[in-house]
Amino acid sequence: MITPWEVEGVVDYRRLIEDFGLSDFSELRNSIPNAHKLMRRGVIFAHRDYERILEAMKRKETFAVMSGFMPSGEIHFGHKMTMDEIVWHQKMGAKAFVAIADMEAHLVRGITWDKTKEIGMKYVKSIIALGLEKNATIYFQSRNNLVKDLAYELSSKVNFNEMKSIYGFAGDTSVSKAIVSLIQSADILHPQLEEFGGPKAVVVPVGADQDPHLRLTRDLASRMNLFSIEKIEKGVRVRCKKNDLLEKVARLGFETKKFSGHVDVFGSEEEIEREVRKLEVELGGYAFIPPSSTYHRFTTGLMGGKMSSSKPESYISLFEKPEIAVKKLRSAFTGGRATVEEQRKFGGIPENCVVFEFYSFHLVEDDKELERIREDCRSGKILCGECKKYAEGLLLEFLKEYKEKVDEAESKLGDYEIIG
Ligand code: TRP
Ligand code: SF4
């Protein structure tokens, strides 16, 4: 069972792709220039419409990356993944948008506004410490009128039956969940507003639990638009409720065939889409492009099973004191064997090992080094104690450097656009 508010049971990623109708990320991996380690290693396992982002990168067109963080507790390595993905896309040319979801933390988790502000600023400093550059808009939802106004507009395009089927809402579900969902849709769509230069490809890196929000947002995007576009043979079909506007589409200069309620336009799909979108913007419409998304795996809890922010022993915070971090890592669940003899003989199982996951997701940049660790584990050349010791070193080094960078970020805050 996976919703934005609940992840239960063991996650079968194959099934998730099928059930949610996602695309397999591994098929794109080889066409990505300088792919991020989370991409290379299959940690990012699925996507929607990521081809659009690759196209934009390749052609050096304007595109954006946007994601958000709920300031409700400790910042851990799961959050770091999303932050790294935002930073990577920014390096690849995206304009970055970072939402601090204080409205969500307040409404759904009951965190006071003072606290959301305090925790939220920690997130802001963290992402700057992890490399976010100045070409970014960082904002607290509650302070962003563009986002709030857009959420208000979006509300007229969705009803409770849809909310029910997307999120599993029932009669006793708090209306606040509907509100924060619309705010999140507005987070995702607002980089395409006129204020930011209009329609553009936007990628939203998230954990797979957030996909319901993306499904809703993609639907809302097309419902907000004046024209809807679908592919047909040799061109596209443009639908619009207003006949006089369809007339204008018919006069864009392509070969067309007019029907009641739609126009078939023949020619290059891409060129037609671009012109129709331009027309919509001239007419005062949104012309939203459905957002793309990438999905990373859930981080495993240190003791196996789920990682949960309500169980401090299940994760290591990015602000963890070194001695606590070491203690937690030492007691982590591994893929080692019951006895030293067995491990020497059969080797460990890195795929079942939380420590190996730490190497792969977070601590080891170089693929060759990661493969060496995998092989040493499998062959029984190293034992878990020794291996953990090595991980410990990398972890402490990371935490130390991170702390320094966070302190540095504090003094750089003034250089960033922060709406909060
Ligand atoms: N709901 C997200 C979470 O719980 C946070 C979030 C808010 C978000 N706005 C967003 C994520 C926009 C992606 C895009 O983590
Ligand atoms: Fe995990 Fe290392 Fe033990 Fe292998 S040797 S199971 S990677 S801790």
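Where in the chain is the place of Lys-234? Look in the loop between strand 9 (228-232) and strand 10 (235-239). Before you zoom in, know that this is a predicted model, where local features need pLDDT of at least 70, side-chain atom pairs count only at pLDDT 80 or more, and totals for chains, interfaces and linings use all residues. Residues are numbered from 1 along each chain as its sequence is written, chains are lettered from A and ligands numbered from 1 in the order in which they are written, and side-chain values use heavy atoms, with hydrogens and water left out.

**View 1**
Lys-234 has a phi near 65 degrees, a positive value in a residue other than glycine. Lys-234 is also exposed, at 66% relative accessible area. (Exposed is over 50% of that area, buried is under 20%, and partly exposed is in between, using a 1.4 Å probe and protein chains only.) Asn-34 is not a glycine either, and its phi is positive, near 50 degrees. You'll find Asn-34 in the loop between strand 3 (23-24) and helix 2 (37-40), and it is exposed at 63%. Helices (H or I, at least four residues) and strands (E, at least two) are DSSP runs, numbered from the N terminus.

**View 2. The two ends of helix 8.**
At the start of helix 8 (residues 160-167), a side-chain oxygen of Asn-159 comes within 3.0 Å of the backbone nitrogen of Asn-161. That's a polar contact: a pair of N or O atoms within 3.5 Å, where within protein one must be able to donate a hydrogen and the other to accept it, and residues adjacent in sequence count only if both atoms are side-chain atoms. After helix 8 comes Gly-168, with a positive phi near 75 degrees.

**View 3. The domains.**
The chain splits into domain 1 (2-225 + 290-298), domain 2 (228-282) and domain 3 (312-418), with bounds from an automatic or database domain assignment. Taken over C-alpha atoms, the centres of domain 2 and domain 3 are 54 Å apart.

**View 4. The largest nonpolar core.**
This core has 70 residues, and Tyr-50, Leu-132, Tyr-359 and Leu-395 touch the most other members. Helix 17 (384-412) gives the most to this core, with nine residues. (A nonpolar core is a set of buried Ala, Val, Leu, Ile, Met, Phe, Trp, Tyr and Cys residues joined through side-chain atoms within 4.5 Å.)

**View 5. The largest cavity.**
The structure holds two cavities of 30 Å³ or more, and the largest has about 120 Å³ of space. Its lining has 18 residues, with Thr-334, Cys-353, Cys-377, Cys-384 and Cys-387 closest to the centre. On a 1 Å grid over the protein atoms alone, a cavity is a set of points where a 1.4 Å probe fits but cannot get out, and lining residues have an atom within 4 Å of a point. Points are joined across faces, edges and corners, and a volume is the space filled by probe spheres set on them.

**View 6. The second largest cavity.**
This one has a volume of about 80 Å³. Of its 14 lining residues, Phe-77, Thr-299, Thr-300, Met-307 and Phe-358 lie nearest the centre. Helix 15 gives the most to this lining, with three residues. Domain 1 and domain 3 both supply lining residues, so the second largest cavity lies between them.

Terms used: 1 Å grid on protein atoms, 1.4 Å probe; cavity = no way out; pocket = protein on both sides within 12 Å on 5 of 7 lines; lining within 4 Å.
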